[in-house]
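Below are some notes for a colleague who will be reading this model alongside its sequence. Please take the points in order, with the strands and rings in view.

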Amino acid sequence: MSTRLEIDLTDVDMFVRGDHLAAFEHLRAHEPIYRNESADGGRFWALTRYDDVLWAYGNHAVFGSEHGAILGGSFRSEADTAGGKMLVATDVPRHRLLKQQIHPAMSAAVTARVADQVRELVNAAVDRAIADGGCDFATELATELPAGALMVVMGIGRRDAHHLIGLTRRMIGFRDETFVDIGEDARLRLAWLQAEIFEFFADLVDERRSKPGADLVSILLGAEINGRRLSEEEIFYNCMNVAVGGNETSSYTACTGMLALVEHPEQYDRLLSAPELTKDAIEEMLRWSSTNAYVQRVAKADVRRGDVLIREGDSVTLWNVSANRDEAQFPDADVFDIGRTPNRHLSYGAGIHRCIGAPIAAAELSLLFDRIVADRVRFELADEPQRLRSNFILGMTRLPLEVSAA
């Protein structure tokens with residue numbers, strides 16, 4: 001009897017329903033390097049086992065990034081227009097040189113300043129939630145994490161930070177009616193959404209030309225690669241790269257992590273009773289949520305993995321969300337265990353493309369859960385959560401919680 005199932009990993013509704021985890025479990029067991037045939041006629045390879053995903057991350061000489069991290073290219077072509085311009089869509093040696101220019105905006109000193117700002121916003125938001133008896137964790141609390149980071153990294157105020165979060169949320173959620181009118185043409189919608197983000201950064205670039213600071217935009221305006229200044233488009237793309245990566249990872253991980261605690265009360269009790277487990281708990285939340293579900297690569301040469309031949313030019317997707325549930329790497333992978341160690345999850349990627357903002361995201365999450373644990377705040381579900389309609393970023397657009405009286 002055949003064990004093959006026709007699974008389409010571009011089916012976003014499968015992810016909204018939560019059925020993707022069972023689909024990946026089947027693929028890891030029966031077809032770990034899977035040839036996906038999409039409903040729209042697209043084809044790509046899907047790597048679902050931990051070892052295969054890690055192998056592809058490390059093999060950047062064969063698996064290129066310049067076609068973009070997301071399936072489908074950009075709104076203008078099948079190839080991503082950010083290719084060779086944006087950090088996540090560049091290959092070595094340019095990737096290394098571009099990363100060197102961006103790194104000062106993500107340094108340890110900047111991370112410390114971000115922590116101070118996030119602490120202020122988080123404490124105020126938690127205080128409000130306690131006073132009100134609850135909150136929508138997704139919109140009223142979790143978004144303060146990236147807001148604090150943007151205020152420092154971009155050198156902007158809280159209002160502008162939340163405005164930028166709204167812009168990037170609409171772009172990532174371009175298929176979610178929570179954020180956009182899904183009746184329009186999707187590619188045209190993406191064009192408008194990206195244009196809005198670029199307009200935001202164009203205004204910021206104009207401001208920084210006359211009044212530079214220590215922020216990312218000012219740093220990029222002064223950056224040179226091989227003796228050439230970055231173009232405005234390259235500055236826009238890399239500001240968007242940092243904003244999208246920061247806005248989505250920390251806030252959506254916070255939501256999924258909080259929901260995991262609520263749904264696993266024994267782990268919630270364990271964390272409140274043992275604050276020293278907070279760091280390990282956050283790593284488990286990162287594994288459990290796998291907010292950045294996948295990244296795309298394109299093969300630059302023929303390569304064989306096991307009995308599968310991947311041809312030059314083939315699209316290959318590296319599914320972090322599946323690798324992070326691989327029993328071969330994580331015993332009892334479907335168990336949420338805040339004391340799990342070791343926990344070498346791939347939620348930040350791996351190799352040269354490991355998320356440049358990972359230390360900032362870790363600081364943001366620590367500040368939030370440290371505060372919840374320190375005050376022994378007990379949240380419970382007040383209503384059904386609502387999941388983001390996406391197969392690329394996994395998160396929640398609505399998470400109504402109430403503060404337990406216990």
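1. Two strands are taken as paired if DSSP finds at least two bridges between them, and the elements themselves are DSSP runs numbered from the N terminus, with helices (H or I) of at least four residues and strands (E) of at least two. The model is a predicted one, in which local features need pLDDT of at least 70 and side-chain atom pairs count only at pLDDT 80 or more, while totals for chains, interfaces and linings use all residues. Residues are numbered from 1 along each chain as its sequence is written, and side-chain values use heavy atoms, with hydrogens and water left out.

2. An open sheet of five strands runs in the order S1-S2-S10-S7-S3, with mixed pairing. Its edge strands are S1 (33-37) and S3 (63-64), each of which pairs on one side only. S3 is joined to S7 (residues 294-299) by two bridges in the antiparallel sense, and the bridge partner of Phe63 in S7 is Ala299.

3. Is Phe63 buried or exposed? With a relative accessibility of 1%, Phe63 counts as buried, where buried means under 20% relative accessible area, exposed over 50% and partly exposed in between, for a 1.4 Å probe and protein chains only.

4. Rings of Phe, Tyr and Trp (its six-membered ring) pair if their centres lie within 6.5 Å, and the pair is called stacked for planes under 30 degrees apart, edge-to-face for over 60 and tilted for the rest. The count by this rule comes to 12 aromatic pairs. Trp55 and Phe63 form an edge-to-face pair, at 5.2 Å centre to centre and with 80 degrees between the planes. One aromatic cluster is formed by Phe15, Phe24, Tyr294, Trp319 and Phe392.

5. S11 and S14 (residues 400-403) pair over three antiparallel bridges, and Leu381 stands opposite Leu401 in S14.

6. Two arginines lie over ring faces: Arg169 over Tyr252, at 4.1 Å from the ring centre, and Arg378 over Tyr268, at 4.6 Å. The criterion is that NZ of Lys or CZ of Arg is within 6 Å of the ring centre and within 35 degrees of the ring normal.
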